[in-house]
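The following paragraphs lead through a structure chain by chain. Please keep the sequence and the 3D view open while reading.

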Amino acid sequence: MSRELRARVLAAAAAEPSPTRAAIRRRNLLMATVAAASGIGAFVIFAMLMSESHLLRLGGEVAPQQHLERPVWLVVATAAGAIAVAATAVWLALGRGRSMLGRSRRWLLYGGVLIPVSLLVWKVSCSLAFGDAMVAWPERPGERCLALSLLVALGPLLSFLAIRRHTPVQPALNGAALGFAAGACAWVAVDLWCPVAYVPHVLLGHVLPLFVLAGAGALLGRARLSLRHP
Amino acid sequence: MERYARGDEAAFAELYDAIAPRLLGFLRKATRDASAAEDLMQQTLLHMHRARGSFIPGAPVLPWAFAIARRLLTDQARRRRVERRLFSEAPADSDRMTYEPMATTAAADDLVHALSLGRRLQERIEALPELQRTAYQLLQQEGLSLKKAAEALGTSVTAVKLRAHRAYVALRAVLREAREPS
């Protein structure tokens, strides 16, 4: 192997500054802060704009809402389970284990199946103890929760993609995992806001966004995480 | 790599010396083009340089390097629309025949036979589907373990075994044909 090639590669590396581990840590911390701030900000704005009183003030097209007070233990239990699943999803998607190539395809596929199922089963099973939550709400089919989920998850998804940067293997699958993770984080926020546990509502407003975000993550992952020859 | 991730700039030269020869060998076999292989190796090392801050302490470096090289190779081939030529066709240049088994002791007929067999095996390797050929190269030519090859290819050990097995079956068929009297 030629010395000229060696010198050329070393010179090219020296000419291009690259962040050290400490710099990457700072950048990832900033990205995580951006993710949290954007998610919380979107949630607060949406919840304020879409509050019942606001909708009624807009013109009365919205049917009078049913009032449902969830007991604190139900909110806490549902949120705790959702937080645990969301934390697992983020760990699975952003963590790479002990390999620079990230999680194996099998782990990512298991995550794609288990995260939505776990969230759904947990919410429904917690709410089963609270009969009213399972009552049908015709005026709330779930489109607002769908919009809120997507809005809240957008910032975290972009931040997660920025944190992950590149992956030499399975960029689409890794992107989908990031989408599921962002969706799981959004689920926690939406779940705090939405008392409805009627299964068709949950499927449309809470579960569907997970798959929409996973699809978006897969597309973005293929485009952004994949290595390109310059 | 660990020292380099922590900011020791001088460690990059050591990293280069440790992995560049194997990377270049792998890329030369895959591209059969010395300048393209050098370019891809440079890009692979530069990518590792850019990603040094995200290096996981204790993570194996070689599968990572091979995975990057393979991805860049595939991307380059796709973009130039010459993947078929790169991976399927067998160019007529004779410099691919880099070894001459028994050349010093065999009789002329044996030598001709060995050269012919070597050429046919090489052609068969190049005609293998890309996944099978890469698995074969990583295991047999680069000497990676099944686990490391699986990591580099982003798949399971079982899948690598299956791909390599299919490659072996194809190569054994060439050897069987060669043994049969013509």
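The structure is a predicted model, in which local features need pLDDT of at least 70, side-chain atom pairs count only at pLDDT 80 or more, and totals for chains, interfaces and linings use all residues. Residues are numbered from 1 along each chain as its sequence is written, while chains are lettered from A and ligands numbered from 1 in the order in which they are written.

Chain B contains 9 helices and 0 strands, where helices (H or I, at least four residues) and strands (E, at least two) are DSSP runs, numbered from the N terminus. Its elements, taken from the N terminus on, run α-α-α-α-α-α-α-α-α. Among the 182 residues of chain B, 34% count as buried. A residue is buried if 20 or more other C-beta atoms lie within 10 Å of its own, exposed if 12 or fewer, and partly exposed in between, with C-beta atoms placed from the backbone.

The domain assignment divides chain B into domain 1 (1-89) and domain 2 (107-182); such bounds come from an automatic or database domain assignment. The C-alpha centres of domain 1 and domain 2 of chain B are 23 Å apart. Where the domains meet, 11 residues of domain 1 of chain B are in contact with 12 residues of domain 2 of chain B. On the side of domain 1 that touches domain 2, helix 2 and helix 4 of chain B are the elements that give two or more residues, and helix 4 of chain B gives the most, with 5 residues. The residues of that side of domain 1 of chain B comprise 7 nonpolar, 1 polar and 3 charged. In this grouping, Ala, Val, Leu, Ile, Met, Phe, Trp, Tyr, Cys and Pro count as nonpolar, Asp, Glu, Lys and Arg as charged, and the others, Gly among them, as polar.

B:Thr44 is found in helix 3 of chain B, and B:Thr44 counts as buried because it has 30 C-beta neighbours inside 10 Å. Which residues is B:Thr44 in contact with, leaving aside its neighbours within four places in sequence? They are B:Leu23, B:Ala65, B:Ile68, B:Ala69 and B:Leu72. The C-alpha atom of B:Thr44 is also separated by 9.2 Å from that of B:Ala67, which is 23 residues away along the chain.

Further along, helix 7 (residues 130-141) of chain B has as its buried residues B:Arg133, B:Thr134, B:Ala135, B:Tyr136, B:Gln137, B:Leu138 and B:Leu139. Helix 7 of chain B is followed by B:Gly143, which has a positive phi near 75°.

The contact between the chains takes 39 residues from chain B and 32 residues from chain A. On the side of chain B that touches chain A, helix 1 (2-6), helix 2 (11-31), helix 3 (34-50) and helix 4 (61-80) of chain B each supply at least two residues. Helix 4 of chain B gives the most to this side, with 9 residues. The residues of this side of chain B divide into 19 nonpolar, 12 polar and 8 charged.

Chain A has 8 helices and 0 strands, in the pattern α-α-α-α-α-α-α-α along the sequence. Of its 230 residues, 39% are buried. Residues 24 or more positions apart account for 89% of the contacts in chain A with a separation of 6 or more.

A:Arg165 lies in the loop between helix 6 (143-164) and helix 7 (171-193) of chain A, and A:Gln170 is placed in the loop between helix 6 and helix 7 of chain A. Most residues other than glycine have a negative phi. A:Arg165, however, has a positive phi near 60°, and the phi of A:Gln170 is positive at about 50°. A:Arg165 counts as partly exposed because it has 15 C-beta neighbours inside 10 Å, whereas A:Gln170 is buried, with 22 other C-beta atoms within 10 Å.

The mean pLDDT of chain A is 83, and 89% of its residues reach 70 or more; pLDDT is the predictor's confidence in each residue, from 0 to 100. Within chain A, confidence is highest in helix 8 (residues 199-225), at a mean of 92, and lowest in helix 3 (residues 52-59), at 42. Over residues 53-66 of chain A, pLDDT stays under 50, and the model has 7 contacts beyond four places in sequence for them. Where pLDDT is low, the predicted coordinates should not be read in detail.

Notes. Contact = placed C-beta atoms within 7 Å.
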